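Please open the structure in your viewer and keep the selection panel at hand.

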4 protein chains.
Amino acid sequence: MAQGDYRVADISLADFGRREIELAEYEMPGLMKTVEEYGAAQPLKGARIAGSLHMTIQTAVLIETLKKLGGDIRWCSCNIFSTQDHAAAAIARDGSAAVFAWKGETLEEYWECTMNAITWTNPDAKGDGPDLIVDDGGDMTLLVHEGWKAENAYAKDGTLPDPSSTDNAEFKIVLTIIKRTLPQQPDKWHKVAARMKGVSEETTTGVHRLYTMSNAGELLFPAINVNDSVTKSKFDNLYGCKHSLPDGICRATDVMLAGKRAVICGYGDVGKGCAFAMKAAGCVTTVTECDPICALQAAMEGFQVKTLESQLDTLDIVITTTGNKGAFCGVCS
Amino acid sequence: MAQGDYRVADISLADFGRREIELAEYEMPGLMKTVEEYGAAQPLKGARIAGSLHMTIQTAVLIETLKKLGGDIRWCSCNIFSTQDHAAAAIARDGSAAVFAWKGETLEEYWECTMNAITWTNPDAKGDGPDLIVDDGGDMTLLVHEGWKAENAYAKDGTLPDPSSTDNAEFKIVLTIIKRTLPQQPDKWHKVAARMKGVSEETTTGVHRLYTMSNAGELLFPAINVNDSVTKSKFDNLYGCKHSLPDGICRATDVMLAGKRAVICGYGDVGKGCAFAMKAAGCVTTVTECDPICALQAAMEGFQVKTLESQLDTLDIVITTTGNKGAFCGVCS
Amino acid sequence: MAQGDYRVADISLADFGRREIELAEYEMPGLMKTVEEYGAAQPLKGARIAGSLHMTIQTAVLIETLKKLGGDIRWCSCNIFSTQDHAAAAIARDGSAAVFAWKGETLEEYWECTMNAITWTNPDAKGDGPDLIVDDGGDMTLLVHEGWKAENAYAKDGTLPDPSSTDNAEFKIVLTIIKRTLPQQPDKWHKVAARMKGVSEETTTGVHRLYTMSNAGELLFPAINVNDSVTKSKFDNLYGCKHSLPDGICRATDVMLAGKRAVICGYGDVGKGCAFAMKAAGCVTTVTECDPICALQAAMEGFQVKTLESQLDTLDIVITTTGNKGAFCGVCS
Amino acid sequence: MAQGDYRVADISLADFGRREIELAEYEMPGLMKTVEEYGAAQPLKGARIAGSLHMTIQTAVLIETLKKLGGDIRWCSCNIFSTQDHAAAAIARDGSAAVFAWKGETLEEYWECTMNAITWTNPDAKGDGPDLIVDDGGDMTLLVHEGWKAENAYAKDGTLPDPSSTDNAEFKIVLTIIKRTLPQQPDKWHKVAARMKGVSEETTTGVHRLYTMSNAGELLFPAINVNDSVTKSKFDNLYGCKHSLPDGICRATDVMLAGKRAVICGYGDVGKGCAFAMKAAGCVTTVTECDPICALQAAMEGFQVKTLESQLDTLDIVITTTGNKGAFCGVCS
């Protein structure tokens, strides 16, 4: 583990990361053009940007784009397993951002990384927080809001968050972290909220949280819903998953896909991409789906639509394409 | 039914047939080039050619190619259902060949057509038979050989073929036809055999019959095995069937294929073409196959390999790709 | 041509039509269930229903469903080429509807058929028109509205429609027909409009016309937009076209598709279905598309997106999937 | 680099390797059944087996199968880049074989590994060589034959191999290694050849070398042609490449494949697998091919067949599926 104002698995992977970043830049002409067109104007000059988004090669290109536009950047991943260590190494070594991410974090480490990514080591008059958040899943936004609530309670009567008040293992950690810094910095999160220009959020889950907070009048700063843009839902979900699913299975298992029996739970955009990917890989592919329109689409594409239960004896691979509760249940699937 | 020295369903379809023949000529550059290169030399000048091969638009182009090379041609179909009546009409009307074929022949009519196709109405010194046979399935070749055998028996002791000697409905008809002409023309088939330069045969079944006769020393004239040329087995069987199977099902039933459950019995070249066609049409496609290598290929392409019995309750479409006995049986399939 | 209170190409095709109708009923469980559930209640008892919709086997099943629910039905096709003559024959012979439709109508015949389909031969107190229209493309609805306008002008000052007032060949025919009946029945179309419960419309073009009339306050009766239901746009357009395109090309040309170069003009739902169908058939398939999102979808599926002009030298098959002006133009395509 | 009677990149990867070996065993029921059936009989008891074959997880399963049948095994990879270091680590740590292989060997290291794999550290009466070779590409077999030739020359007149006699960088290394050991062990390779029961070879290249030697009367021991078995050419080449090509590109580049332009040079079994893999991944896929039958197959599958030259401006990915000289040349491709 290598550390400075960063924490990554192996800084010696930086060269490999840099080479793949160069390949990826060629693949991301939109960002390249943005730098070309706006780089000189430095529209993000001085902006502090905190990101909580899979620390991959492609994210590295995004980070360096923001940097070239003038941004001052800190980053963590939004998933304990998704970091590409060579990407993180290149970003850290080349000073593109203060990055706190590695493959295989514990949950405690994950939230420490988030804390590090949102806390500038050189506070200014407006505090130690960012001007902008690039969020994926809403964890960083959650931390700000929970911190803000805790500060209110603390200001009122000195109450500290009680990690034992929740059964949720992850939320317990969030409360622990907030509790730790609260006495020293009782206005940290209020300053963060006050300073924040806004957050961009690119997942269904995260957007759902934001709408809930917004409707309840509890959202502390503006948010941009990236998730529902057509280039996200119709491309990232469909083609992104179509590409990434077999790639991920191959890297994780080194097992041949052709001839395997795969079931895709859910046939929305993600499910469609996954189903076509498995079919293209030569899997006998079936689908579970409770929405009748989506189920009919699956049938028209030649996928058998069956309950998960009816296939348990023969399946080799189960892919769930939704976090919705019930996707595995007998009634729906 | 229109008749002259031909018999077709509806001579008024000739214009439609001609238009499609013109389209097909564009699709068959090999034949077109042959005419271009050899037409002037008339290599088939005076050759009597009898064909027993599906009387389709494409066959029409073949017939007219042979004609342009100098041939004198008579034709019938090798299947009671396969004639395209507009193709037959164009050939008949424009005098390209004496053609005896229509969609929906009875078995009796089928063999009468074969008899007509192999019997020139203007016999010459060598008799009324052809110099060459273009055979598909071997029926015309069979007729010659059975006629020849019957003539031998008749010459020996006046024995006539006995249609009641066989339970095979079709062979009964063959014997009846031979019996009818035998007394008037007791050397018809010997003359045919003596004159014959040879037969080309393009089916597995027909080639199998020829090898059997050849090995038994009973083949009366040379034969060319067209079936086993690579452009037949690897193209006609695979891509021809891939194209024709859904086309045929659609024309015959006007039923949508997407979402149907189809089983392909056999996964040789024909079966591969059929399986890919049904999959491409959106069918849930399974395969039955007793050969382990072919079965493994099916599995690697994502087709479930199952016995036919195990699917009988749920199938919509059953395609058999082989005439082999046993393809449907429990052990093999 | 066979005639009674119907006009079809060949009444002897009725048996073939009936057989395919029976196959189709099995494929259309929604309609079958409707009859099962509502047949006894006869909800359409006495309703006069006029249809202008491709007179195919599937439409025949719809007609007979309406009949079984109590309807009194007259029908024509909405396209001069789309009638399946065996379907029309079965409907005519079995008295399911008074049907006026055959494959290969002239434009004059087409509008006479429409006139026949909307005019009951046994008028009642409310006139000779229908209570409901099942429209596809809006031609029958157009006829009512044009008739109604002409009657207004005629009532005002005896003006008759002037076919020479338009360059549009088809509209000339519409005006001629209206002009012919106007003096004898000066209130025919007002009665039709007054009686009409409503029209259902299932095409983009027809729906567009209806919205235009509705926005201008000129729509004479209620209309249901069937076109924009999800089972239409996401199934009929996509899977319907995927199924029908190669089927139609095969029937019309008897030409092999594998290896041909096909371009699909437009990559909306119809274009997507067409592109996948051609690709599945083994065509080298390209796409023209001016919408950037749709163009990107095509690219992600492996279709080259090119202008039509750049491919004119090498194309075998051009498919236009849109009636939009400009789809072929250099700028857009 | 970890060393014992083995040399691997990182012995700490052994746990990860072991886990994947366990997954792979499930995927290789043929080997598992062999152990089950013959393990007790120990048919390879005491046999010294040297392997030169990609040191992957799957090869690890093969090695351990041979071990369980009684074999005494030494191994190297047949490619400087193909070793999976976690596979090698598991084999080394668990003593399954003496393994000399890591990802990213130099050519010198590669041949030292080969030398190590073929040289037992505990010679017996028959020398220090193996009883059997499992070869892939023929490098180990080449080393034996070149050593044998060098020993003959040395025995005759003390001539030592002259590395400067060849321009081939790799052959220079082979000669250097042989030269080094020749004086100390002037009969090493004769003993190896005398002892050898035989070699199995699984590549076209290696088999070609063997046939050449056999025809010239220079093959020193029996060889089994594994390459031409149907399960190799029709499965490994086709489905193996179909699986591995996109997997390899993804791991090496982290770049999305959909929408890229890929050309496959050669459309034999390997080329077919590669072409289908790229097409399935959403690439615009073209093929170069000089054999007319294979080119026609490509065309029938909807791949444009073009020369490489004509596409150089627009290509993103070039895949060569053959080592044949000329595959890239203007005339052939």
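**First stop: a salt bridge**

Select D:Arg251 and A:Asp254, which form a salt bridge, with their closest N and O atoms 3.0 Å apart. A salt bridge here is a side-chain nitrogen of Lys or Arg within 4 Å of a carboxyl oxygen of Asp or Glu. Between chain D and chain A, the count is 4 salt bridges.

The model is a predicted one, in which local features need pLDDT of at least 70 and side-chain atom pairs count only at pLDDT 80 or more, while totals for chains, interfaces and linings use all residues. Residues are numbered from 1 along each chain as its sequence is written, chains are lettered from A and ligands numbered from 1 in the order in which they are written, and side-chain values use heavy atoms, with hydrogens and water left out.

**Second stop: chain D against chain A**

Now display chain D and chain A together. The contact (heavy atoms within 4.5 Å) takes 24 residues from chain D and 24 residues from chain A. The two chains bury about 2,000 Å² between them, 48% of it on carbon and sulfur atoms; buried area is the accessible area (1.4 Å probe) that two parts lose on being put together, summed over both. Select D:His243, D:Arg251 and D:Asp254 next: they supply 30% of the area that chain D buries against chain A, more than any other three residues.

Across this interface of chain D and chain A there are 12 residue pairs in polar contact, both residues at pLDDT 80 or more. A polar contact is a pair of N or O atoms within 3.5 Å; within protein, one must be able to donate a hydrogen and the other to accept it, and residues adjacent in sequence count only if both atoms are side-chain atoms.

Which elements of chain D give two or more residues to the side that touches chain A? Select helix H1 (14-27), helix H3 (57-68) and helix H10 (230-253) of chain D to see them. Helices are DSSP runs (H or I, at least four residues), numbered from the N terminus. H10(D) provides the largest share of this side, 9 residues.

Chain D and chain C bury about 1,000 Å² between them, 60% of it on carbon and sulfur atoms. Select D:Val284, D:Met300 and D:Gln304, which supply 44% of the area that chain D buries against chain C, more than any other three residues. The count of salt bridges between chain D and chain C is 0, and that of residue pairs in polar contact is 4, both residues at pLDDT 80 or more.

Chain D can be laid on chain C with an RMSD of 0.1 Å by a turn of 179 degrees and a shift of 0.0 Å along the axis, superposed by least squares on the C-alpha atoms of residues with pLDDT of at least 70 in both. The two copies are thus related as by a two-fold rotation axis. Centre the view on D:Val284, whose C-alpha comes closest to the rotation axis of the residues of chain D, at 4.9 Å.
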